[in-house]
Amino acid sequence: MIRDSYVMKKMCSNEIKSVLLKTLIRFNDFCEKNDIKYSLAYGTALGAIRHKGFIPWDDDIDVLMMRSEYNKFEAAWKKYVQNNIDHYKLWSELDEENYFIVYVAKFFDTDTALYEYFSNGTEIEYGIFIDIFVLDHIPVEKSEQKKLFLDVRFYWKWIQHFQRHFKKWNKFVRKYNLPLPSLDMMVNKLMDRKNRYNRELTPLVSMIQDYQKKKDINLSIFKYEWFHDYILTDFEGHKFPIIKAYDEMLKNSYGDYMQLPPKEQQVGHNIDAYWR
């Protein structure tokens, strides 16, 4: 889609990264003020360790939070915005407005317009963003892990279906508090399934939905003990938290992570971004 150049000016890669860095600084300041623990993650953690900043072709920020820390963050942010005007916005993990509901929370700059394009022709508008991935406890036994992952996938598919195609139905069921299949029912069932192991504080954690993108389920599984201790790492001239066990985390996700990937894999997201 062609944007109206008189209304919005398209941003270059360096401008996108500048806004991303400011967004991370704002996010970090809020977490520090509210005593919330998080870690740089995935490509952002890799960029911090290998490049001391952004991976050259990257165009987003990734962070990880344990479920308890994320719940604290979401509650603190919602309380804050009740009494304050801010140009940053949170699409919470279970927000019906969030196109990526249940998969990831988005913290983004509303002074920008970001358009993300998907292979199925879908186009989503929000702002230059931080991805907040939430970790839940999972069982140790492989058979129980597989059962949990399959259950989560089942409910996630229904959640996407109700969110994207049955908005009026969801409102109707919610308005009259009907015990019928709907977005809220599926979200509650999924979260009940996840929280079983959160209550047990098992020694393994996972960003459970992510396993569907991995050929090896183990790439989405981390040790809970890794998220006990944090250090500060350099990123674009600033310092941000990362788990002390970052080497194990990065090896788990990328193998020999200090080696650059082949040229054909050095690509960012399919996005355009504009100043509003």
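Which residue in β3 is the bridge partner of L40? The notes below start there. The model is predicted.

1. V63 is the residue in question: within β3, V63 is the bridge partner of L40. The strands involved are β2, residues 39-40, and β3, and they pair in the antiparallel sense. Two bridges make up this pairing.

2. **The β6 side of β3.** Strand β6 covers residues 123-138. Here the pairing with β3 is parallel, and six bridges join the two strands.

3. **Burial of β3.** Strand β3 spans residues 61-66. Six of its six residues are buried, so the strand is largely enclosed by the rest of the structure. In a regular strand, side chains alternate between the two faces of the sheet. For β3, both faces are covered. I61, V63 and M65 are buried on one side. D62, L64 and M66 are buried on the other.

4. **L24, from helix α1.** L24 sits in α1, which runs over residues 13-33. Its relative accessible area is 0%; the cut-off for buried is under 20%, so L24 counts as buried. Beyond residues up to four places away in sequence, L24 touches Y38, L40, I61, V63, I130, F235 and F240. That list includes both members of the L40 and V63 bridge pair. D62 is 38 residues from L24 in sequence, with a C-alpha to C-alpha distance of 9.5 Å.

5. **F133, from strand β6.** F133 belongs to β6. At 7% relative accessibility, F133 is buried too. The C-alpha atoms of F133 and V63 are separated by 6.1 Å, although the two residues are 70 apart along the chain.

6. **V205, from strand β7.** Strand β7 consists of residues 204-206, and V205 is found in it. V205 is buried, with a relative accessible area of 0%. Its contacts, leaving aside neighbours within four places in sequence, include M66, L135, D136, H137 and I138. Further contacts of V205 are S220, I221, F222, K223, Y224 and F227. S220 is 15 residues from V205 along the chain, and their C-alpha atoms are 8.6 Å apart.

7. **Packing of α4 on α6.** Helix α4 spans residues 142-165. Its axis and that of α6 come within 8 Å and cross at roughly 160°. Angles over 145 degrees count as roughly antiparallel, and α4 and α6 therefore fall in that class. The crossing is left-handed. On the α4 side, the residues that meet α6 include E144, K147, L148, D151, Y155, W156, W158 and F162. On the α6 side, those that meet α4 include L183, M186, V187, L190, R193 and Y197.

8. R193 lies in α6, residues 183-200. Is R193 buried or exposed? Its relative accessibility is 14%, so R193 counts as buried. The side chain of R193 makes a polar contact with the side chain of D151, at 2.7 Å. Apart from residues up to four places away in sequence, R193 touches K147, L148 and D151. K147, L148 and D151 are also among the α4 residues that meet α6.

Technical notes
Residues numbered from 1 in each chain as written. Predicted model: local features only at pLDDT ≥ 70, side-chain atom pairs only at ≥ 80, totals over all residues. Heavy atoms only, no water. Helix = DSSP H or I, 4+ residues; strand = E, 2+ residues; numbered from the N terminus. Buried < 20%, exposed > 50% of the residue type's maximum accessible area, 1.4 Å probe, protein only. Polar contact = N/O pair within 3.5 Å; in protein donor to acceptor, adjacent residues only side chain to side chain. Contact = heavy atoms within 4.5 Å. Pairing = 2+ DSSP bridges. Axes fitted to C-alpha atoms, helices over the stretch in contact; angles between N-to-C directions. Parallel < 35°, antiparallel > 145°, perpendicular 65-115°, else oblique. Left-handed = near helix turned anticlockwise from the far one by under 90°.
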